[in-house]
Amino acid sequence: GGNYSSSQSAIIIPQPGSQTKFVIFAVSAYTNSNVVYSIVDMSLDNGLGDVIPGKKSIPVLSNTGEYIQATPSSDGTFWWVLTHKGGTSDYYTYRVTEDGVDIENPVISTTGSPSTSNGDIGFIKFNNSATRLVRTAYISHFFDISNFDNQTGIVSNALQFPLQYAYGAEFSPNERFIYVSAYGSQGVKQYDLQAGTTVQEIEATKYTFSTLSNGALLTAPDGKIYSSRHGASALDVINNPNLSAAQANYQLNALDLEGKTAQLGLINIVADFVSQAPPQLADLNVLSITEDLAQISVEINSDGGSSIIQRGFEFGMSPNALQEYLVPGGTGTMQYTFENLLPDTQYFFTAFAENQHGRTTLEVQNFTTENEVDDTPPVAICVENLTVQLSENGIAIINESMIDNGSFDDVGIESIVLNIYEFSCFDIGEQPVTLTITDTSGNVSSCTTAVFVEDITPPVIELAENQTTQFVIDSSEYYLPNYFEESIFIATDVCTNPVVNLTQFPLPGTLLTAGIHQITLTAIDFSNNSSEYAFEILIQQTLATSDYQAFEALYLYPNPASDFVTIKNPLNLEINFVEIYDLNGRLVKSINFEQVSESNTLDISDLASASYLVFIKNDRNQIYKQLIVK
């Protein structure tokens with residue numbers, strides 16, 4: 001199924017759960033690339049191995065690029081095998097388990113730029129931890145760097161980089177750099193993946209090692225990256241791929257082929273099978289510095305697949321004359337404390353680790369020791385106490401200036417912080433707050449203030465949603481309901497839930513007779529904040545028929561109105577005064593009439609836009625009309 005011209009013609013992986021079975025995936029050449037697989041059992045043919053009957057050249061996916069690559073799953077129980085569909089932006093990821101190759105359920109991820117309709121030529125490579133992958137596109141002149149989830153098989157967040165005739169690719173063992181070759185006059189280029197998250201930031205770090213026509217790139221067990229060039233009698237080598245730019249030490253014609261001639265390709269092998277050679281180090285930094293000592297730390301993330309022979313730090317006053325300080329151990333955190341240093345002096349340092357495949361040395365850093373010792377702590381001074389009130393949202397926020405009462409330090413204050421900045425309803429009462437002062441030398445002192453948290457927001461009483469209440473009762477008597485228990489009115493409070501201290505006056509069940517009665521509802525929260533809600537109820541006796549009919553002749557005009565409204569009084573009834581109430585029962589306007597006319601005009605320009613009840617009265621009778629103010 002493969003082809004000598006196919007970039008990644010084949011890849012072989014062991015079938016999970018078997019000591020003798022191997023799955024061979026193959027992909028044919030552009031422009032008719034198709035992926036197939038076969039299974040070989042090495043126990044067949046008297047131990048020489050053979051293809052299992054019925055398991056030869058089984059089609060997986062047609063019209064692909066010349067791509068086939070594999071990596072273990074996150075838990076190591078199965079394999080992911082990856083290719084790319086021609087004419088699309090789709091990666092196809094297949095599971096290989098102890099049951100075989102799951103062709104029917106590929107994980108399809110759409111990301112990055114589409115390939116040509118016939119696919120493309122190039123390589124798919126994973127980094128060591130299988131968290132990222134690169135795909136080169138020789139025909140389309142670019143390469144993509146994407147994220148990979150080796151738990152789900154999903155490829156995502158592709159970044160596209162322009163590169164004419166992009167062909168070979170490989171990640172550095174420490175995963176910081178990506179190396180890409182181009183079969184043209186582009187040579188081999190290095191990109192720093194830690195430079196940022198955008199194409200522009202990473203592209204800005206591009207470093208070119210040669211301008212020759214390079215082919216495949218491949219990491220070997222010695223931790224170096226090798227490159228083939230078509231027609232060359234030797235392989236090129238990147239000796240220190242974990243270092244940036246010229247420090248990577250690209251060497252032309254480094255490995256003689258002893259009379260043989262290179263083509264474009266090198267073997268296609270799962271990165272996980274190759275020892276990652278030199279150990280991987282990261283996070284080199286200085287933990288603490290004084291005038292006479294410094295503690296340096298580094299993380300050794302991987303031993304490179306082989307035991308660490310030696311590790312340690314290089315240290316000195318010149319970057320060109322560093323002395324080795326060995327630290328025993330393997331992977332994990334490595335630390336060393338350098339003592340008897342000179343004050344106010346610059347020192348240079350780096351870290352290294354070595355195994356049988358090579359040595360990794362990080363870039364040299366530097367620091368300067370302190371000028372003098374400051375072991376005197378600052379003086380922290382707090383106000384004795386502080387009272388804060390919760391807002392209507394039940395929150396109170398304080399800052400350092402509200403607690404600090406003149407703290408100072410002889411050298412300088414680095415930071416002033418509180419242990420508590422925000423209070424809620426749960427903090428009502430006395431709360432101790434600690435102010436911590438740290439000076440520029442790391443000395444610390446603190447003091448404490450008693451903060452009294454108060455709730456001063458009274459409950460809110462309002463008519464319950466979807467509830468109505470009567471403010472005008474056409475009856476000679478009326479028994480007052482329990483407005484809270486019957487949920488006609490509700491009381492809410494930011495800190496007290498539920499509000500249980502509720503009263504009503506007059507009491508529920510009180511018999512009201514004709515007249516206007518004020519009803520007062522009261523709610524008190526746990527902090528003894530109280531609020532009242534008062535409204536009036538009119539108990540009116542039904543008018544006699546003649547009186548009722550006479551008063552019915554009254555009407556308001558215009559209605560709705562904005563500035564003035566007229567009481568039309570065609571029967572010239574006696575009208576002594578008019579009262580206007582809002583729909584909550586509150587009296588908002590009262591007007592007395594000294595004389596009666598057929599039309600009496602009311603000034604309503606001071607009323608807000610709403611609906612109102614207008615009570616028209618004389619000494620014996622009254623009636624109400626609804627008025628809409630616009």
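**View 1. Of the residues lining the second largest cavity, eight are nonpolar, one is polar and two are charged.** Here Ala, Val, Leu, Ile, Met, Phe, Trp, Tyr, Cys and Pro count as nonpolar, Asp, Glu, Lys and Arg as charged, and the others, Gly among them, as polar. This is a predicted model, so local features need pLDDT of at least 70 and side-chain atom pairs pLDDT 80 or more, while totals for chains, interfaces and linings use all residues. Residues are numbered from 1 along each chain, and side-chain values use heavy atoms, without hydrogens or water.

**View 2. Meet the lining itself: F471, V472, I516, E536, I537, L538, Y581, D582, G585, L613 and F615.** A cavity is a set of points on a 1 Å grid over the protein atoms alone where a 1.4 Å probe fits but cannot get out, and lining residues have an atom within 4 Å of a point. This one has a volume of about 70 Å³, meaning the space filled by probe spheres set on points joined across faces, edges and corners.

**View 3. Y533 sits in strand β43.** With 8% relative accessibility, Y533 counts as buried (under 20% relative accessible area, 1.4 Å probe, protein chains only). Beyond residues up to four places away in sequence, Y533 touches I461, F489, I519, T520, L521, N584 and R586, where contact means heavy atoms within 4.5 Å.

**View 4. N214 belongs to strand β18 (residues 214-219).** N214 is buried too, because its relative accessibility is 0%. Setting aside neighbours within four places in sequence, its contacts include S181, Y183, R229 and D236.

Note on methods: On a 1 Å grid over the protein atoms alone, a cavity is a set of points where a 1.4 Å probe fits but cannot get out, and a pocket is an open set with protein on both sides within 12 Å along at least five of seven lines; lining residues have an atom within 4 Å of a point. Helices (H or I, at least four residues) and strands (E, at least two) are DSSP runs, numbered from the N terminus. Buried means under 20% relative accessible area, exposed over 50%, partly exposed in between (1.4 Å probe, protein chains only).
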